[in-house]
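Subject: Structure handover

Hello,

Here is the structure for you to take over. My notes follow below it.

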Amino acid sequence: MELSRLSKPCERFLITYRLFGNEEEVFAKAKDICIEQTIEFPEEYIPHQFIKEHIVGRIKSIEASNDHSFLAVISYPVDAAAQELTQLLNVIFGNISIKPGIRVEHIELPAKLLNQFKGPRFGVKGLRKLLGVEKRPLLFTALKPMGLTSKELAKLAYQFALGGIDIIKDDHGLSNQTFSPFEERVKLCAEAVHKANKETGNHAIYVANITASAGEVRKRAEFAKTAGAEGVLISPGLTGWDMMREVAEDEAIALPVICHPAFLGSFVMGEGGISHHALFGQMVRLAGADATIYPNFGGRFSFSRAECEGIVGATHYPMGHLKPILPCPAGGMSLANIPEAYQFYGKDVAFLIGGGLFKKGPNLIDNSRYFSELVESLTQAE
């Protein structure tokens, strides 16, 4: 080993873990994390002092928390992340994801590490500029249900855009099914939204779902842009986080990226896993998404107010040059709970209502206009 390359102490980054157990058990877990997440090697057989002093994780602090848990802050050398998102996530929660009672609570990265990632291309300000919406919350909906033809979905997109919806995305379950093939659907839906924009003078955007197999994601993103889509939807739990980062950083694509939470839910359920704050906020920004979709409190999923508050905090938590991103509460949002949601989230949010827009009445254009007028009235009332 050429120790001359490692002569200087490495800069370090900090990860806060919530560890469950008594004080003795938690201290043992923290020590185990330090080894497991770096060298994964018997401590007594470490071949070089440099590795022991600078590569192995270090316990910075352990403090008692509530509900029989402790918060442990552990530092790792920046060099262990290898300037790769995949390896950074591996260090943060690789092997220990297979062990119980360990939860990633918060990620704190120095500039040297953050500068390896471009982060969100648009962020909150960029999305507002693209849509021409300066202050009010953004209006967001999804094309559904699965089983409609491409023409039927395009008709829905047209009606939503006429009614004043800002962002109209493919439902995350729309891929390349025979009843609505990807290229046909994207072309027709993009054309429908552009047609509506010409009639209204607004700038609604159609967002195509490009979640697919590894060899298809970039191809679909490129086709979507060529066909006139002005954003892409990716489920990183299915494609991988680094695939989303590649699309977000690709200069040839250069479209807003919206993150969908499909396949990520088990990370935030129970004592282990990753906190809502770190997963749906910090990791999404590291991987370059401009907006993060997640289940709102009070909907058909189990997220609490506190958990949603944690996500929102992470969307604008200081992370070097990484832009703040838009929280997109969804999952059972309805027109009836928009006033409460507005009071909770404020203006920098995109309210995602899917099936709820169909429930008000048979006319989707009128329903969308009601949604728009409701949000505008709440904004003007301040």
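This is a predicted model: local features need pLDDT of at least 70, side-chain atom pairs count only at pLDDT 80 or more; totals for chains, interfaces and linings use all residues.

Which residues have the most contacts inside the largest nonpolar core? The residues in question are Phe 13, Tyr 17, Leu 88, Leu 143, Trp 241, Phe 351 and Phe 371. That core has 108 residues. As background, nonpolar side chains tend to be buried together in soluble globular proteins.

The open sheet

Eight strands matter here. The sheet is open, and its 8 strands follow the order E12-E11-E9-E8-E7-E6-E5-E13. The pairing is parallel. At the edges are strand E12 (326-330) and strand E13 (350-352). Each of these pairs on one side only. From one strand to the next, the twist averages 25 degrees.

Look at the E12 end. Strand E11 (residues 291-295) pairs with E12 over 5 bridges, in the parallel sense. Within that pairing, Thr 292 stands opposite Pro 327 in E12.

H10 packs on it and touches E8 and E9. The direction of H10 makes about 160 degrees with that of E9. H11 also packs on the sheet, touching E9 and E11. Its direction makes about 160 degrees with that of E11.

Helix H10

H10 spans residues 241-249. Of its 9 residues, 8 are buried, so the helix is largely enclosed by the rest of the structure. The buried ones are Trp 241, Asp 242, Met 243, Met 244, Arg 245, Val 247, Ala 248 and Glu 249. Trp 241 is also on the list of residues with the most contacts inside the largest nonpolar core.

What covers the buried residues of H10? The cover includes helix H3 (85-93), helix H8 (217-227), helix H9 (236-239) and helix H11 (276-286). It also includes strand E8 (231-234) and strand E9 (257-259).

Strand E4 and its partners

Strand E4 covers residues 102-108. Because 6 of its 7 residues are buried, E4 is largely enclosed by the rest of the structure. Strand E1 (residues 12-20) is joined to E4 by 6 bridges, and the two run antiparallel. Ile 15 has Ile 107 in E4 as its bridge partner. E4 is also joined to strand E10 (residues 273-274), by 2 bridges, and these run parallel. There, Val 104 has Ile 274 in E10 as its bridge partner.

The largest pocket

The volume of the largest pocket is about 490 Å³. It is lined by 29 residues. Closest to its centre are His 260, Arg 300, Phe 301, Ala 330 and Gly 331. E11 and helix H14 (356-359) are the elements that give two or more residues to the lining. E11 gives the most, with 3 residues.

Asn 367

Is Asn 367 buried or exposed? Its relative accessibility is 4%, under the 20% cut-off, so it counts as buried. Asn 367 lies in helix H15 (residues 364-380). Leaving aside residues up to four places away in sequence, it touches Leu 357, Phe 358, Lys 360 and Gly 361.

Over to you.

Best wishes

Technical notes
Residues are numbered from 1 along each chain as its sequence is written. Side-chain values use heavy atoms; hydrogens and water are left out. Buried means under 20% relative accessible area, exposed over 50%, partly exposed in between (1.4 Å probe, protein chains only). Helices (H or I, at least four residues) and strands (E, at least two) are DSSP runs, numbered from the N terminus. Contact means heavy atoms within 4.5 Å. Two strands pair if DSSP finds at least two bridges between them. Axes are lines fitted to C-alpha atoms, for helices over the stretch in contact, and angles run from 0 to 180 degrees between N-to-C directions. A nonpolar core is a set of buried Ala, Val, Leu, Ile, Met, Phe, Trp, Tyr and Cys residues joined through side-chain atoms within 4.5 Å. On a 1 Å grid over the protein atoms alone, a cavity is a set of points where a 1.4 Å probe fits but cannot get out, and a pocket is an open set with protein on both sides within 12 Å along at least five of seven lines; lining residues have an atom within 4 Å of a point. Grid points are joined across faces, edges and corners, and a volume is the space filled by probe spheres set on the points.
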